[in-house]
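Reader: Could you walk me through this one? I would like to go through the helix packing and then the backbone.

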Amino acid sequence: MSERSVAMVDGPASELSVWLAAQAAGSLRPIGVDVHRDQDSSGVESWYFTIVLADPAAGSDTWDAQDLDELQRRTRDKALELQLDWPWYLRFRPETDTEPEEPSEPDS
Amino acid sequence: MQRDIRPVWLIRLAEELGGVGATQGQPRNTDLRRSVSTGYYAVFHCLALATAGAALPNATLEEVFGLARHVSHSSIKQVAAYVAGNQPPKHLDSVVGRLRSNSAVSSVAATFVDLQEQREEADYNHLADFTRPGTLALVARAKRAVKSTDQGGASDDFQAFFGLIALRTSIGRA
């Protein structure tokens, strides 16, 4: 994704997606936000917001955890303000999707 | 040889599995899944021990370990969810509001909720999608949560958080 994009949904989830896409928390600048509805591990219908971030800086394994926590806190406060139904979850993924290696079947 | 379960050792393992510091290649998908699960258990054991320690302030370590076995995943999840955004029972509004205004407690609670959900996916969902940066972001947040709990656990807000978890915990016949 070359510019900020937002998945289309209705109501508070849509508002939160648009809000998330415009956020900046420390070094974090969302490139895109995808939202979908699914059952969580308890079987409860939930909102899942996947935030696409630029790949971590060269030499870094991931993004700054303090910035991630800050974005999570701000999102909670905004979700409460918008009265978004609980549960909802944030996910973070890099712009470049590299399939992890699973090179061969182990010896039997 | 008896060795207790140390959250910081679980964090170290989660980092190794997730490929912290690896200069090339990607960890195996299986390793990323185990990394998420191990990071979750680091935070779970950290909070279970802190809750048991808060409930039995003058207990021996052995007594704390014994009580910690009764602190359930669901008890922590319920209380963490209140702080992370779920509506608490009406009469807990005030204390939950106070905990939400504490950034350290808020981060620990949100990290537990996120890790618990992704741990379920890591362990049971064949179609779950894991990336190395995404996995290590979870592990980094788990590491911060363990450190915050260890350093700030004696504060009034953390003690209130542990108190709510203890109230959700029932001692069965386990």
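This is a predicted model: local features need pLDDT of at least 70, side-chain atom pairs count only at pLDDT 80 or more; totals for chains, interfaces and linings use all residues.

Reader: Fine. At what angle do helix 4 and helix 6 of chain B cross?

Author: The axes of helix 4 (residues 73–84) of chain B and helix 6 (residues 103–124) of chain B cross at roughly 125° and come within 8 Å. Axes here are lines fitted to C-alpha atoms, for helices over the stretch in contact, with angles from 0 to 180 degrees between N-to-C directions; helices (H or I, at least four residues) and strands (E, at least two) are DSSP runs, numbered from the N terminus.

Reader: Which residues of the two helices meet?

Author: From helix 4 of chain B they include His73(B), Ile76(B) and Ala80(B), and from helix 6 of chain B they include Val105(B), Ala109(B) and Phe112(B); contact requires C-beta atoms, placed from the backbone, to lie within 7 Å. By class, this contact of helix 4 with helix 6 of chain B has 10 nonpolar, 3 polar and 1 charged residues, where Ala, Val, Leu, Ile, Met, Phe, Trp, Tyr, Cys and Pro count as nonpolar, Asp, Glu, Lys and Arg as charged, and the others, Gly among them, as polar.

Reader: And how does helix 2 of chain B sit against helix 6 of chain B?

Author: Their axes come within 8 Å and cross at roughly 140°. Residues of helix 2 of chain B in that contact include Tyr40(B), Val43(B) and Leu47(B), and those of helix 6 of chain B include Phe112(B), Leu115(B) and Arg119(B). By class, the contact of helix 2 with helix 6 of chain B has 7 nonpolar, 5 polar and 3 charged residues.

Reader: Which residues have the most contacts inside the largest nonpolar core?

Author: They are Ala42(B), Val43(B), Leu47(B), Ala109(B), Phe112(B) and Ala142(B), in a core of 68 residues. Helix 2 (residues 29–55) of chain B gives the most to this core, with 13 residues. Leu47(B) touches Ile76(B), Phe112(B), Thr149(B) and Ile165(B), leaving aside residues up to four places away in sequence.

Reader: Changing topic, how many residues of chain B are in contact with chain A?

Author: There are 30 residues of chain B in contact with 28 residues of chain A. Helix 2, helix 6 and helix 7 (132–152) of chain B each supply at least two residues of that side of chain B, and helix 7 of chain B gives the most, with 8 residues. The residues on the side of chain B that touches chain A divide into 10 nonpolar, 13 polar and 7 charged.

Reader: Where is the cis peptide bond in chain A?

Author: The bond from Trp86(A) to Pro87(A) is cis, with omega near 5°, and Pro87(A) is in the loop between helix 2 and strand 4 (88–94) of chain A. Gln83(A) is found in that loop between helix 2 and strand 4 of chain A, and its phi is near 55°, a positive value in a residue other than glycine.

Conventions: Residues are numbered from 1 along each chain as its sequence is written. Chains are lettered from A and ligands numbered from 1 in the order in which they are written. A nonpolar core is a set of buried Ala, Val, Leu, Ile, Met, Phe, Trp, Tyr and Cys residues joined through C-beta atoms within 7 Å. A residue is buried if 20 or more other C-beta atoms lie within 10 Å of its own, exposed if 12 or fewer, and partly exposed in between; C-beta atoms are placed from the backbone.
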